[in-house]
Amino acid sequence: MKSEKFDRGLALRKQVLGADFVEKSMAGADDFSMPMQELSTEYCWGHVWSREGLTLQERSILNLGMISALNRPHELKLHVKAALNNGLTREQIREALLQVAVYCGVPAGIDSTRIARETFAELDAAKG
């Protein structure tokens, strides 16, 4: 049985990451990976992302920095899109990644900037 936190987390996860992405992730989960989908949805999204202490934009900026520092390119690409969904501009994303370069190292900043540019190009191409 799913909890209220799971339901709230699922709704917010779809809002931020896009319903198509989330539904595909959930549908593609098997017996092995479904517990991770459930944990992420309830804990990350239902318990933390849905708290009132930070805006979704502030959470996105934090995630861009942390994910860049941790060198998680797949997650960074996803969260660049999420940051745009949350109302950040490309300029704000660029500034966050410059901050990454200063505090986490220029290679992290360069790689994260490249991933963000690729993500922007994909989104622009999809718009036509």
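**From one lysine to the whole fold**

Student: How accessible is Lys-77?

Tutor: Lys-77 is partly exposed, at 27% relative accessibility. In this scheme buried is under 20% relative accessible area, exposed is over 50%, and partly exposed lies in between (1.4 Å probe, protein chains only). Please note that this is a predicted model, in which local features need pLDDT of at least 70 and side-chain atom pairs pLDDT 80 or more, whereas totals for chains, interfaces and linings use all residues. Residues are numbered from 1 along each chain as its sequence is written, and side-chain values use heavy atoms, without hydrogens or water.

Student: Which side chain does Lys-77 meet in a salt bridge?

Tutor: The partner of Lys-77 is Glu-122, at 2.7 Å from N to O. A salt bridge here is a side-chain nitrogen of Lys or Arg within 4 Å of a carboxyl oxygen of Asp or Glu. This pair joins distant parts of the chain, with Lys-77 in helix α5 and Glu-122 in helix α7, 45 residues apart. Glu-122 is also partly exposed, having a relative accessible area of 36%.

Student: How many salt bridges turn up in the whole structure?

Tutor: The search finds seven. Among them, Glu-23 and Lys-14 meet at 3.4 Å, N to O. Arg-94 forms another with Glu-95, where the closest N and O atoms are 3.5 Å apart. Arg-94 has a relative accessible area of 45% and Glu-95 one of 44%, so each is partly exposed.

Student: Which residues are linked in a network of salt bridges?

Tutor: Asp-111, Arg-114 and Glu-118 are linked in that way.

Student: Back to α5, then. How far does the helix reach?

Tutor: Helix α5 covers residues 73–85, which is 13 residues, and reaches 18 Å from its first C-alpha to its last. That is close to the 18 Å expected at 1.5 Å a residue, where the expected span is 1.5 Å times one less than the number of residues. Gly-87, which follows α5, has a positive phi, near 100°.

Student: Which residues of α5 are buried, and what do they pack against?

Tutor: The buried residues are Leu-76, Leu-78, His-79, Val-80, Ala-82 and Ala-83. They pack against α1 (4–17), α2 (19–28), α3 (34–49), α4 (56–69), α6 (90–104) and α7 (106–127). A contact means heavy atoms within 4.5 Å.

Student: What does Val-80 touch?

Tutor: Leaving aside residues up to four places away in sequence, Val-80 touches Leu-64, Ile-93, Ala-116, Thr-119 and Phe-120.

Student: How many residues are in the largest nonpolar core?

Tutor: That core has 13 residues, and those with the most contacts inside it are Leu-64, Leu-76, Val-80, Ile-93 and Ala-116. At least two residues of this core come from each of α4, α5, α6 and α7, and α7 gives the most, with four. A second, separate core of 11 residues includes Phe-6, Val-22, Met-26 and Ala-82. A nonpolar core is a set of buried Ala, Val, Leu, Ile, Met, Phe, Trp, Tyr and Cys residues joined through side-chain atoms within 4.5 Å.

Student: And α3: which of its residues are buried?

Tutor: In α3 the buried residues are Gln-37, Thr-41, Trp-45, Gly-46 and Trp-49. They pack against α1, α2, α4 and α5.

Student: New topic. What is the secondary structure of the protein chain overall?

Tutor: The chain has seven helices and zero strands, and its pattern along the sequence reads α-α-α-α-α-α-α. The radius of gyration is 15 Å, close to the 14 Å that the globule rule gives for 128 residues, so the chain is as compact as a globular protein of that length. The radius is taken over C-alpha atoms, and the rule is 2.2 Å times the number of residues to the power 0.38. Helices (H or I, at least four residues) and strands (E, at least two) are DSSP runs numbered from the N terminus.

Student: What does the C-alpha trace span, and what share of residues is buried?

Tutor: Along its principal axes the trace spans about 45 × 35 × 25 Å. Of the 128 residues, 34% count as buried. Among contacts between residues at least 6 apart in sequence, 64% join residues at least 24 apart.
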